[in-house]
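I opened my notebook to look up a few things in this model, one entry at a time. Follow along with the structure beside you.

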There are 2 protein chains.
Amino acid sequence: MELDERKLKILQAIIRTYLDTGEPVGSRTISKFSDLKLSSATIRNEMADLEEMGYILQPHTSAGRIPSDKGYRLYVDTMMEAKESEVRNLREELEEKVEKVDDVLKQVAKFLATNTNYATMVSGPKYQSKHVKFIQITSVDEEHLLAVIVLDNNTVRNQMIRVEEIIEPEMLLKLNFILNTTLNGLDVVEMNLALIQQIKEQMETHTQVIDSVLEVIGKTLLENDDPEIYTSGTMNILKYPELADKSKAAEIISAFEEKETFHSWLGLPDRKMSNETHDIQVYIGDENSLASMKDCSMVTATYQIREGVYGKIGIVGPKRMDYDKVVGTLNSLMGQLDDIFKEK
Amino acid sequence: MELDERKLKILQAIIRTYLDTGEPVGSRTISKFSDLKLSSATIRNEMADLEEMGYILQPHTSAGRIPSDKGYRLYVDTMMEAKESEVRNLREELEEKVEKVDDVLKQVAKFLATNTNYATMVSGPKYQSKHVKFIQITSVDEEHLLAVIVLDNNTVRNQMIRVEEIIEPEMLLKLNFILNTTLNGLDVVEMNLALIQQIKEQMETHTQVIDSVLEVIGKTLLENDDPEIYTSGTMNILKYPELADKSKAAEIISAFEEKETFHSWLGLPDRKMSNETHDIQVYIGDENSLASMKDCSMVTATYQIREGVYGKIGIVGPKRMDYDKVVGTLNSLMGQLDDIFKEK
DNA sequence: AATTAGCACTCCATTTAATTGAGTGCTAAC
DNA sequence: GTTAGCACTCAATTAAATGGAGTGCTAATT
């Protein structure tokens, strides 16, 4: 059987209507409210065909039809028209004191949640590479050294080190010099034992202090820097009857609470992302990698702060989410987000 | 009317039974299962009295009685016996790599949630005072200075500063010296304009750089350091029918998502806390400061990391939560937590 | 005077039955 | 190929019937 023009039009009408109402849609509705001038009987015949082809299905005999995942997929791929939704100037929405990237993201999550009425999650930026750019050990007081490590992505880590013996200023200077010349530009994995040995040899005294300093540096670098994940509007899920069922809702919402769950896939862009597109992806039902989201759809977009620094934004709703609006909103918002990050 | 021995016993029996079953309890149940040898008719009379006194109430005629908030309060204040619950050695439960206090707390939240089947929230430690202990400005590369500020509670803040002009090493040394001598020990509020002017005067050149440095320092100090709040087991709320109603649940759980909501009261210990007790408090129904929690009870405890550094742990459940168990568990856990923090 | 058995009454919860109506598939006519 | 027409299906809603837990009150009992 072939999916001709007319069938497509009918399918589209069915999906549009269903997205709108959430109720199974019958032949009569389509016959009346679409521009096709066809009787309900004809529509019925076509519907039977569409069902056979797997694009729609019947919750039960004598009910209207609802789109299947396959139907949604077709819709998203070929029929959707991203609504050029007027996202009110994001920058105006942002509170004054927004300086840190993470604060912006937190607010973006909230903004999207209230605007779309779906649940949102936003991952903080993931810094790809980390090489040591600058290390400095300072003496803060009698018993504390402070190690400050600047990575090449300009993130800063610091760590207090408790020491028993007082270390003289000249020694510190020397240590700093050695550390910087030896470790500069190195990756974490490149900081191997041989290197550490080499450093120790150069410093004759205070081996114990050096030990703990090096240990701290190593740890700090290894420190898992899973990006923060911000969620908002989780409870919006309850607004959609098909998800509000207790066990389902609990599963979905728990996933949102266990943010760690999302680290796996929120981390990286799906593919080589061009600088223009924001790689907006739609996952419908079972296409989600998380089993607990099999009754949801998720739309994700990738933002880029600068070369190699990515993060993701995800919007989760029922499968009958308003894809057009969501994609439109995301599109518009991502553009603005780009601008905001460019300023920084 | 007087609340005599017998009435107390009956009230206790009612509450105990209700905590257990969640169903309104009738006179017959009490007559049968309590050690009082009284007929249901007598119990009924006493119940009528207890209701008149406001300790119990009837959801509707011809239903059993349930405790009122006043009843719960009496129970918690005078009849509860904290179950010496065997909290399996917390330290064993903690994953290996727990070093940071916040990681411990995160796991404590999870631990409590799974063990009690209620929702939990834990606030990170709130550092009371913040005075500058040590400041250092370093040149990281041609266009970046790094300001590191150590506060007297040994927390470290840092901030990159972008500069146009290159600043000579001697200048930096001088700046650091001035900053440290001028600002050391000062509170944020004490960093007023006069002081800033004074610093500027001492440095003749690079006023622009100094400006931005001082600005950054000020901002960094002012930066609201609301403690992190970790939540866990939010979805446990849905396990209790009296809360699982959609609108109620949404309200409560939203409050958990909007963690900021809790900052107000999670910050500080309610009163001068002795070192021994953990200031365990119970808030029943309307006693909660948050309106959205009026159908819940919350049990809070305060932990102390060291002098002046407090945080709170809260357990939220239905009003008929198992107070005995929760308080018992908290008691036991707080002791262990003390030990863990002492090690650090 | 306190306790209890007994009984009529109340009201929610559950079950069962009846009704409605949107929607379908099929057939025969257009 | 399209459509009008009709019998049929089935979830959802409404209505009625039943059951039972629990109460309050009164009169008898201890």
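Predicted model: local features only at pLDDT ≥ 70, side-chain atom pairs only at ≥ 80, totals over all residues.

**Entry 1: a pair of helices in chain A**

I started with handedness, and I found that the crossing of α7(A) and α8(A) is right-handed.

Next I looked up who touches whom. From α7(A), the contact uses K174(A), I178(A), L179(A), T182(A) and L183(A). From α8(A), L195(A), Q198(A), I199(A) and Q202(A) take part. I sorted the residues of this contact by class and got five nonpolar, three polar and one charged.

Then I checked the geometry. Helix α7 of chain A spans residues 169-183, and helix α8 of chain A spans residues 193-202. Their axes are 10 Å apart, and the packing angle is about 150°. Angles over 145 degrees count as roughly antiparallel, so α7(A) is roughly antiparallel to α8(A).

**Entry 2: a pair of helices in chain B**

At what angle do the axes of α1(B) and α3(B) cross? I found roughly 90°, with the axes coming within 10 Å. These two helices are therefore roughly perpendicular to each other.

I noted the residues that meet here. On the α1(B) side they are R6(B), K7(B), I10(B), L11(B) and I14(B). On the α3(B) side they are T42(B), I43(B), E46(B), M47(B), D49(B), L50(B) and M53(B). By class, this contact has seven nonpolar, one polar and four charged residues.

**Entry 3: the largest nonpolar core**

I looked up the largest nonpolar core and found 53 residues in it. Y303(B), I313(B), L330(B), L333(B) and L337(B) touch the most other members. Several elements of chain B each supply at least two residues of this core, among them α1 (5-21), α3 (40-53), β10 (296-306) and β11 (309-318). Which element gives the largest share of this core? My answer is α13(B), with nine residues. As background, I wrote down that nonpolar side chains tend to be buried together in soluble globular proteins.

**Entry 4: one tyrosine in chain A**

Is Y118(A) buried or exposed? Its relative accessible area is 7%, and buried means under 20%, so Y118(A) is buried.

I found Y118(A) in the loop between α6 (101-116) and β3 (119-123) of chain A. Leaving aside neighbours within four places in sequence, Y118(A) has contacts including A113(A), S232(A), Y240(A), I315(A), P318(A) and V326(A).

Last, I checked a distance. Y118(A) and K83(A) are 35 residues apart in sequence, and their C-alpha atoms are 17 Å apart in space.

Conventions. Residues numbered from 1 in each chain as written. Chains lettered and ligands numbered in written order. Heavy atoms only, no water. Axes fitted to C-alpha atoms, helices over the stretch in contact; angles between N-to-C directions. Helix = DSSP H or I, 4+ residues; strand = E, 2+ residues; numbered from the N terminus. Parallel < 35°, antiparallel > 145°, perpendicular 65-115°, else oblique. Left-handed = near helix turned anticlockwise from the far one by under 90°. Contact = heavy atoms within 4.5 Å. Nonpolar A, V, L, I, M, F, W, Y, C, P; charged D, E, K, R; others polar. Core = buried A, V, L, I, M, F, W, Y, C linked by side-chain atoms within 4.5 Å. Buried < 20%, exposed > 50% of the residue type's maximum accessible area, 1.4 Å probe, protein only.
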